[in-house]
Amino acid sequence: MQRPDMSVEVAGIKMRNPVMTASGTFGYGAEFAEYMELDSIGALVTKGLSLKPKAGNPTPRIVETPGGMLNAIGLQNVGIDAFITEKLPYLAGVSTPVIANLYGNTLEEYGEVASRLDGLPGVAGIEVNISCPNVKQGGIVFGTDPGCAAEVVSLVRRNTTKPLIVKLSPNVTDVVEMAKSCADAGADALSLINTLTGMAIDLDRRRPVLANITGGLSGPAIKPVALRMVWQTARAVKLPLIGIGGIMNGRDALEFILAGATAVQVGTASFLDPGAAQRIAQEMELYLAEHGIADVKSLIGALEI
Amino acid sequence: MQFKSYVMSNAEVSPGYFRMRFTVPAAVVEGSVPGHFLMLRVVDAIDPLLRRPFGIFDVGTCSAVFAESGRTSYGEILYKTVGKGTRLLSTLHQGDVVDLLAPLGRGFDLGAAGEEKLLVGGGIGLAPLYYLAKELTAKGEKVRLFAGGRNRDDILCITEFERLGVETYVSTDDGTLGEQGLVTEVLERHLQSSGKRIFACGPTPMLRAVAVMAKMHRVPCQVSMEAYMACGVGACLGCVLPGANHSPETPDYRCVCKDGPVFDSEELQWS
Ligand SMILES: Cc1cc2nc3c(=O)[nH]c(=O)nc-3n(C[C@H](O)[C@H](O)[C@H](O)COP(=O)(O)OP(=O)(O)OC[C@H]3O[C@@H](n4cnc5c(N)ncnc54)[C@H](O)[C@@H]3O)c2cc1C
Ligand SMILES: Cc1cc2nc3c(=O)[nH]c(=O)nc-3n(C[C@H](O)[C@H](O)[C@H](O)COP(=O)(O)O)c2cc1C
Ligand code: FES
């Protein structure tokens with residue numbers, strides 16, 4: 001039998017397979033070059049970029065929980081200018097599409113970061129984070145109010161010609177409503193989910209473990225929530241979806257594809273296994289080969305109910 | 001580098017402290033320096049989920065155990081059982097397989113020849129200092145070790161250090177071994193003259209006291225730090241510590257896994 005066709009396309013971005021790395025879990029790419037072939041995966045998503053460099057939160061910033069971890073990094077990043085001068089040249093040597101994840105502390109900042117990225121060769125698309133639980137901004141949480149989310153998305157849309165992916169938060173009552181409003185505002189694709197707000201308590205010290213008190217839960221513990229949200233959204237919105245949340249192996253990834261995702265992102269798994277994204281792509285391909293499935297695209301949304 | 005490794009031995013050396021030897025690729029022995037650490041995946045399961053970081057206690061080659069012929073490269077860690085991961089680790093036996101990332105981080109700068117090298121270890125902080133003592137004594141340097149702990153059980157592998165020719169000074173809080181008192185009090189008596197360099201690893205309050213003392217006596221001082229880690233390779237930014245000039249207005253975070261774990265004590269903020 002021929003090798004299965006693993007290629008997919010999300011918002012015009014052509015990928016050799018559906019496996020991407022999740023923002024904030026893969027640095028700026030070079031950190032993992034020693035551990036895997038960067039050219040072996042579908043796409044690489046950078047750490048969330050802001051207009052100015054951002055220092056992030058005080059420590060402790062991470063803690064392990066059963067089946068997952070909490071983080072309150074606070075979006076520490078080098079800033080858009082240093083990304084362009086210091087990080088992008090390295091990424092230019094990689095054939096895998098690079099997607100810049102971005103966020104703003106204000107509405108205007110979202111627009112400004114997007115427009116700085118717009119003309120840049122080497123950036124295949126942008127992923128807008130309206131969903132980080134670890135930064136507070138003047139009372140508005142862009143990712144939990146459909147009106148605000150739409151405002152952000154349409155502003156970014158006006159500032160970029162690149163494929164526009166919007167990353168949704170699970171910390172909402174109705175993810176479908178958020179998805180629809182981002183779709184109407186001009187998103188080309190949606191990725192879901194970001195981390196779930198959680199907390200951990202040190203009983204002996206009777207204090208929260210994280211300096212930020214709360215943090216974002218990721219890892220296998222969140223997979224059922226993520227799958228449900230992808231499935232609900234796929235039935236309501238026509239845009240291509242990127243499934244994220246607790247994907248540890250090829251089977252996990254394929255469950256998201258069945259639920260309606262066109263591609264997936266691997267986050268926490270890269271911490272336990274720095275070659276996880278490459279391995280997961282191989283495991284998916286092997287599953288297809290073993291089951292005589294010629295094209296991964298035939299599984300998208302193929303869940304039988 | 002990432003590799004699978006066979007456990008060669010794993011034994012309790014003092015109540016609650018274990019020493020584990022495991023196979024490593026030859027490149028790890030060649031590529032590591034004292035102060036480097038490794039990330040170990042204890043079990044292939046989702047609980048505990050993350051790798052655990054450990055300082056490299058020793059590396060070397062020995063006659064083959066698992067290899068078909070010739071010699072095997074090995075690494076060692078010395079660890080304290082504190083929680084889920086280390087307790088599970090202590091149950092591993094010869095022949096069990098673990099997954100490792102090593103060597104990681106920035107190690108100790110061994111300093112100039114002829115300086116007196118003062119090694120200061122608190123409890124399990126002795127772990128990376130053995131490899132350091134081995135390298136220093138191999139170069140013919142004069143090495144003194146100041147080892148402190150709460151009681152005699154916390155003073156580990158002292159005879160190993162002595163076998164290297166290291167002069168050792170032991171102190172315990174309760175006086176059950178060596179002098180009664182803090183390791184820093186014993187250290188201070190040896191800081192009077194110049195031509196010395198300090199290498200310290202242990203609990204943060206101890207490192208703070210050593211850093212302050214080193215500054216006062218103008219002795220160069222390196223410290224090996226700990227932080228909660230997820231990736232160990234500089235990608236998650238979970239393991240940072242505030243640098244010397246850090247303030248909420250002018251933040252200056254240093255990554256323990258990439259910029260450290262060994263820092264010049266003056267690079268960090270101690271307040
Ligand atoms: C660079 C470095 C070198 C280290 N070297 C040694 C060594 O040589 N020997 C040794 O015994 N210990 C060492 N430690 C500490 C060791 O990593 C922790 O004791 C161990 O991870 C605890 O795991 P656990 O599952 O038993 O504890 P749990 O409390 O169940 O761990 C929960 C989580 O906290 C993390 N964690 C807990 N304590 C620490 C700590 N002190 N530092 C960093 N992360 C922690 C764990 O990795 C895990 O993610 C080192 C830590 C670092 C950062
Ligand atoms: C340490 C850490 C940092 C993260 N930083 C970002 C970020 O900067 N931007 C973003 O959109 N998501 C960020 N995320 C969320 C991940 O991209 C992903 O959505 C989440 O971890 C769920 O996937 P997982 O369970 O596979 O880890 C971060 C997650 C972790 C664990
Ligand atoms: S542990 Fe991830 S950056 Fe240091």
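**Chain contacts, a pocket and a helix pair**

Mentor: In this predicted model, 25 residues of chain B are in contact with 31 residues of chain A.

Trainee: How much area is buried between chain B and chain A?
Mentor: The buried area comes to about 2400 Å², and carbon and sulfur atoms give 65% of that.

Trainee: And which residues in chain B lose the most area to chain A?
Mentor: Those are Leu49(B), Leu237(B) and Tyr253(B), which together account for 24% of what that side buries.

Trainee: Switching to pockets, what lines the second largest pocket?
Mentor: That pocket, with about 450 Å³ of space, is lined by 20 residues, and Asp273(A), Arg279(A), Lys4(B), Arg41(B) and Asp44(B) lie nearest its centre. By class, the lining has 10 nonpolar, three polar and seven charged residues.

Trainee: Which element gives the most to that lining?
Mentor: Strand 7 of chain B does, with three residues.

Trainee: Now the helices: at what angle do the axes of helix 5 and helix 6 of chain A cross?
Mentor: The axes of helix 5 (residues 223–236) and helix 6 (residues 250–259) of chain A come within 8 Å and cross at roughly 25 degrees. Angles under 35 degrees count as roughly parallel, so helix 5 of chain A is roughly parallel to helix 6 of chain A.

Trainee: Which residues meet there?
Mentor: From helix 5 of chain A, Lys223(A), Ala226(A), Leu227(A), Val230(A), Trp231(A) and Ala234(A) meet Asp252(A), Glu255(A), Phe256(A) and Ala259(A) of helix 6 of chain A. By class, that contact has seven nonpolar, no polar and three charged residues.

Definitions and conventions: Residues are numbered from 1 along each chain as its sequence is written. Chains are lettered from A and ligands numbered from 1 in the order in which they are written. This is a predicted model: local features need pLDDT of at least 70, side-chain atom pairs count only at pLDDT 80 or more; totals for chains, interfaces and linings use all residues. Side-chain values use heavy atoms; hydrogens and water are left out. Axes are lines fitted to C-alpha atoms, for helices over the stretch in contact, and angles run from 0 to 180 degrees between N-to-C directions. Helices (H or I, at least four residues) and strands (E, at least two) are DSSP runs, numbered from the N terminus. Angles under 35 degrees count as roughly parallel, over 145 as roughly antiparallel, 65 to 115 as roughly perpendicular and the rest as oblique. Contact means heavy atoms within 4.5 Å. Ala, Val, Leu, Ile, Met, Phe, Trp, Tyr, Cys and Pro count as nonpolar, Asp, Glu, Lys and Arg as charged, and the others, Gly among them, as polar. On a 1 Å grid over the protein atoms alone, a cavity is a set of points where a 1.4 Å probe fits but cannot get out, and a pocket is an open set with protein on both sides within 12 Å along at least five of seven lines; lining residues have an atom within 4 Å of a point. Grid points are joined across faces, edges and corners, and a volume is the space filled by probe spheres set on the points. Buried area is the accessible area (1.4 Å probe) that two parts lose on being put together, summed over both.
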